[in-house]
Amino acid sequence: KSQVLLKNGSQTLPLSRHASRILVAGKGANDIGLQCGGWTIEWQGQSGAITPGTTLFDAVSDIVSDETIVEYDVNGWFEYRDTNAEIGLIVLGELPYTEGEGDRSELNLLVEDIAIVKRMRPLCEKLVIVLYSGRPLLINDVIETCDAFVAAWLPGTEAQGIADVLFGDYPFTGKLAYTWPSSMRQIQHKNEEQNSLFPYGYGV
């Protein structure tokens with residue numbers, strides 16, 4: 001219920017369980033620590049298998065048909081670049097943080113994450129981005145490139161709940177609890193609604 005669908009071009013979602021090939025990329029796709037964020041096991045949290053759970057890569061692999069090939073590469077480098085996949089799924093996000101340790105003067109996505117999106121775009125017919133974050137980030141560099149975009153916040157240990165809505169077992173019902181900014185200037189001037197990327201309460 002916390003998943004917020006920010007974009008769903010050409011009815012990309014729900015995804016088909018019977019796709020022949022799904023490419024999965026991004027650090028967050030196979031990292032329990034990134035799903036959980038800070039205040040998990042350690043004060044600042046940490047990446048990696050810090051506690052038992054289900055990553056989104058595990059969840060997707062489990063939910064699709066036996067005939068579907070699900071491949072994972074953290075950086076989106078796939079061997080068979082001449083063979084397009086029906087679906088590409090990228091999980092972006094920040095490293096875990098809490099309190100002042102997580103303060104940033106810029107909320108842009110990492111350059112390497114943007115590079116994964118550009119790398120994956122020509123490899124798949126439908127490109128879906130899932131974002132793990134405890135706050136809105138500036139996603140202007142990738143929102144137009146993908147076909148669907150999901151704000152998953154910090155879902156905790158069980159990413160099966162994300163797969164459930166990606167593949168249509170449950171509908172998207174989440175709405176934004178924050179205005180989603182389009183620039184740092186908008187944040188700095190506290191001009192929340194004017195020229196925002198998505199308004200408070202938005203959700204497809």
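Me: Which residues do ring pairs link into a cluster here?
Reply: Trp 153, Tyr 178 and Trp 180. Rings of Phe, Tyr and Trp (its six-membered ring) pair if their centres lie within 6.5 Å. This is a predicted model, where local features need pLDDT of at least 70, side-chain atom pairs count only at pLDDT 80 or more, and totals for chains, interfaces and linings use all residues. Residues are numbered from 1 along each chain as its sequence is written, and side-chain values use heavy atoms, with hydrogens and water left out.

Me: How many aromatic pairs turn up in the whole structure?
Reply: The search finds 4. In one of them, the ring centres of Trp 153 and Tyr 178 are 6.4 Å apart and the planes sit at 50 degrees, so the pair is tilted. Planes under 30 degrees apart count as stacked, over 60 as edge-to-face and the rest as tilted.

Me: And Trp 153, buried or exposed?
Reply: Trp 153 is buried, at 15% relative accessible area, while Tyr 178 is partly exposed at 49%. Buried means under 20%, exposed over 50%, partly exposed in between (1.4 Å probe, protein chains only).

Me: New topic: which residues of helix 3 are buried?
Reply: In helix 3 (residues 111-120), they are Asp 113, Ile 114, Ile 116, Val 117 and Met 120. Helices (H or I, at least four residues) are DSSP runs, numbered from the N terminus.

Me: What's on the face turned away from that buried side?
Reply: The exposed residues Val 111 and Lys 118.

Methods
Helix = DSSP H or I, 4+ residues; strand = E, 2+ residues; numbered from the N terminus.
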